[in-house]
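Q: I would like to learn how to read some features of a model. Can we go through them one at a time?

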Amino acid sequence: MGTFLKYVFYLVLIIVIYLVGKGIYQGEINEKTTVGEVADTVESGAAQMAKDGANSVKEEIKDYQEHPKEEIKVQ
């Protein structure tokens, strides 16, 4: 269980670093930005990433239901 939590922590850390870097690159985060504003930016970015991921999964499920792929037979 400890290993799983460690990987979840690393994943969250990578996402936060990515979102902060993206905010800096796009100009949303600069030297005058407060910690609260950075937290709001990271929160909204994480929510948008989760929503995009969920939409992608729904589209793939719908595509598979419309055009099921043949089973792969391993000999």
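Q: Which residues gather in a patch of negative charge on the surface?
A: First, a caution: this is a predicted model. For such a patch, Asp and Glu count as negative, and like charges are joined within 9 Å. Here the patch of negative charge on the surface is made of E59, E60, D63 and E66.

Q: Where does E66 lie, and why does E66 count as partly exposed?
A: E66 lies in helix α2, which covers residues 35–66. E66 has 49% relative accessibility, so E66 counts as partly exposed.

Q: What should the 25 residues of helix α1 span?
A: The expected span is 1.5 Å times one less than the number of residues. For helix α1 (residues 2–26) that should give 36 Å, and the end C-alpha atoms are 36 Å apart, so the two agree.

Q: Which residues form a nonpolar patch on the surface?
A: For nonpolar side chains the joining distance is within 5 Å. The patch consists of F4, L5, V8, V12 and V16, and together they have about 420 Å² of accessible area.

Q: Where is V12 found, and why does V12 count as partly exposed?
A: V12 is found in helix α1. Its relative accessibility is 47%, so V12 counts as partly exposed.

Q: How many residues apart in sequence are V12 and A46, and how many Å apart in space?
A: Sequence separation and C-alpha to C-alpha distance are read side by side. V12 and A46 are 34 residues apart in sequence and 9.5 Å apart in space, C-alpha to C-alpha.

Q: Where is Q48 found, and what separates Q48 from L19 in sequence and in space?
A: Q48 is found in helix α2. With a relative accessible area of 39%, Q48 is partly exposed. Between Q48 and L19 there are 29 residues in sequence and 11 Å in space, taken C-alpha to C-alpha.

Q: Where does N30 lie, and how far apart are N30 and I14?
A: N30 lies in the loop between α1 and α2. At 41% relative accessibility, N30 counts as partly exposed. N30 and I14 are 16 residues apart in sequence and 20 Å apart in space, C-alpha to C-alpha.

How values were computed. Residues numbered from 1 in each chain as written. Predicted model: local features only at pLDDT ≥ 70, side-chain atom pairs only at ≥ 80, totals over all residues. Heavy atoms only, no water. Patch = residues over 30% accessible without salt bridge, like charges linked within 9 Å, V, L, I, M, F, W, Y side chains within 5 Å. Areas by Shrake-Rupley, 256 points an atom, 1.4 Å probe, with all protein chains shown as cover. Salt bridge = Lys/Arg side-chain N within 4 Å of Asp/Glu carboxyl O. Charge placed at Lys NZ, Arg CZ, Asp CG, Glu CD. Helix = DSSP H or I, 4+ residues; strand = E, 2+ residues; numbered from the N terminus. Buried < 20%, exposed > 50% of the residue type's maximum accessible area, 1.4 Å probe, protein only.
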